[in-house]
Amino acid sequence: MKRFLVVMMVVLCFTVSAFGAERIRCASTTSTQNSGLFDHILPVFEKKAGIKVDVVAVGTGAAIEIGKRGDADVLFVHAKELELKAVAEGFFINRHDVMYNDFVIIGPSNDAAFVKGIKKAVDAFKKISVSGSPFVSRGDKSGTHTKELSLWKSAGITPKGQAWYLEAGQGMAKTQRIADEKRGYTLTDRGTWLATVDKDKLDMKIVLEGDEILFNQYGVMAVNPDKHKHVKIKEAMEFVNWLISKDGQAAIADFKNKNGNKLFYPNAK
Amino acid sequence: MEYIASGFYHALQLILKLDSELLGIIFLSLKVSGAALVLAALIGIPLGALLSLKKFPMRSAAVSLLNTFMGLPPVVVGLFLYLLLSRSGSLGFMSLLYTPYAMMIAQTVLSLPIVASLTYAAVSSVNPVIRMAARTLGANNYQTAVAIIREARMGIMAAVIAAFGRVIAEVGAILIVGGNIAGLTRVMTTAIAMETDKGNFELALALGIILLSLSLLINTALHLIQNNKDVRSQIEGD
């Protein structure tokens, strides 16, 4: 028994350690982290500013909620309407456009619903809804999911509860794999698609791209210090200002994923 | 199948290379789960023993509750603790969210019912003759309890081992309260979940193999301690 206690005390001693250095917390999305963008741009910023950025990658919905509760200093997400709404409600300040990528509609390589050739995403959704082919939704309140829901709304269709509408509740790569298994269609971001199509051996192809409505804007904003006294607004603003500066924009433009694909296009004003 | 073979190959490569990032992740996993286990044992063993040795009203209800808590869904525990530790939560002033400490708390909550409940079972199944013998030899309440708990040590060790299995493999709760922050709160299980999300199946599998190997090592050590005690007690004749 004594020996047991000694072993335990030793383990406990190991667990006590300190965390120093200036750091801010950035709530962001899985798509940004999993693409490798942060691994590319954060070291550049950290070296220049001497501020370490801790990234918590969740869905856009969760990221905004985390920010509203004051559990982050800065947000880097992609659901412009939700962002602007939260800014209007006073939770965040200094929101800026940072970069964009675009959404594409992908489907089985035989394109069973004959979507290819359609120009407008809304029309494509209408066609899929009556084709009998499944549509796999993220169903997780992510930026991609928000975009998808707005497209259904524009198409005047209520997909929830329909037999052909599957809500995955998972990340983009997993949702794509489910769509592949089900021979269905899904809305994905080009970054995830390019990064995973070969690796996951997806028997799928892009059936619609280039519609302006599929524009995916990423924005950055700081948590309002009037709402949460403890946030590191000075450091957060340094990060925001760097992202939209010439240096930050160049770092984003520089980034290519490991397959050599350019995923994000800087467009800060 | 191809993935599994290359997963093993990849794992071997990772172990041979053993870069500082991987070492940090492994170390943090052991630190978080180890601390949680120590806390759970320090609270859970006395609690389980007390439940078994002390008669009080509603005891069987308490035991049922404890047994139910053995099945606590990690995500629910994670969410509950997130809301509690969040800056807008009642314990927000402690700034514990997204630190290893938050992860330790989460895993303590998850493993405590296992330690307590299995300790209760182990102590309850000690032969009643022991209690009577201790009493006859003039032991007071405390001495009797110690004698019974000593007798139950194999079962208590099993409780600790079961709890270790729960925490070292756990991902749902620590992902929510830890945030999987690189170099700060990223552990083996959250790294595996992330790499799976990225579609890096080989790397994820390799990390899984390393985690399992570590578990095997630690369980072997725990088993040795368990057996060693058993042998020693026979020689000492207690």
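The expected span of a helix is taken as 1.5 Å times one less than its number of residues, and helices (H or I, at least four residues) and strands (E, at least two) are DSSP runs, numbered from the N terminus. The structure discussed here is a predicted model, in which local features need pLDDT of at least 70 and side-chain atom pairs count only at pLDDT 80 or more, whereas totals for chains, interfaces and linings use all residues. Residues are numbered from 1 along each chain as its sequence is written, and chains are lettered from A and ligands numbered from 1 in the order in which they are written.

The predictor assigns the complex an ipTM of 0.80 and a pTM of 0.79.

A residue is called buried if 20 or more other C-beta atoms lie within 10 Å of its own, exposed if 12 or fewer, and partly exposed in between, with C-beta atoms placed from the backbone. By this criterion B:P74, B:V77, B:G78, B:L81, B:Y82 and B:L85 are buried in α4(B). Viewed down the axis of α4(B), these buried residues fall within an arc of 135°, so they line one face of the helix; the arc is that of the directions from the helix axis to the C-beta atoms. The buried residues of α4(B) pack against α5 (100–124) and α9 (172–178) of chain B. Helix α8 of chain B, residues 153–168, has 16 residues and extends 22 Å from its first C-alpha to its last, close to the expected 22 Å. Its buried residues include B:I156, B:A159, B:V160, B:F164 and B:R166.

Chain A contains 11 helices and 10 strands, and its C-alpha trace spans about 65 × 60 × 35 Å along its principal axes. Of its 269 residues, 48% are buried. Two residues are in contact if their C-beta atoms, placed from the backbone, lie within 7 Å; among contacts in chain A between residues at least 6 apart in sequence, 76% join residues at least 24 apart.

Domain bounds come from an automatic or database domain assignment, which divides chain A into domain 1 (24–100 + 216–266) and domain 2 (102–214). The C-alpha centres of the two domains of chain A lie 26 Å apart. Their contact involves 17 residues from domain 1 of chain A and 15 residues from domain 2 of chain A. On the domain 1 side, α2 and α4 (60–68) of chain A each supply at least two residues, and α2(A) gives the largest share, 3 residues. This side has 5 nonpolar, 12 polar and no charged residues, where Ala, Val, Leu, Ile, Met, Phe, Trp, Tyr, Cys and Pro count as nonpolar, Asp, Glu, Lys and Arg as charged, and the others, Gly among them, as polar.

The contact between the chains takes 23 residues from chain A and 17 residues from chain B. On the chain A side, the elements giving two or more residues are α1 (2–14), α2 (30–35), β2 (52–58) and α8 (172–182) of chain A. The residues of that side divide into 8 nonpolar, 8 polar and 7 charged.
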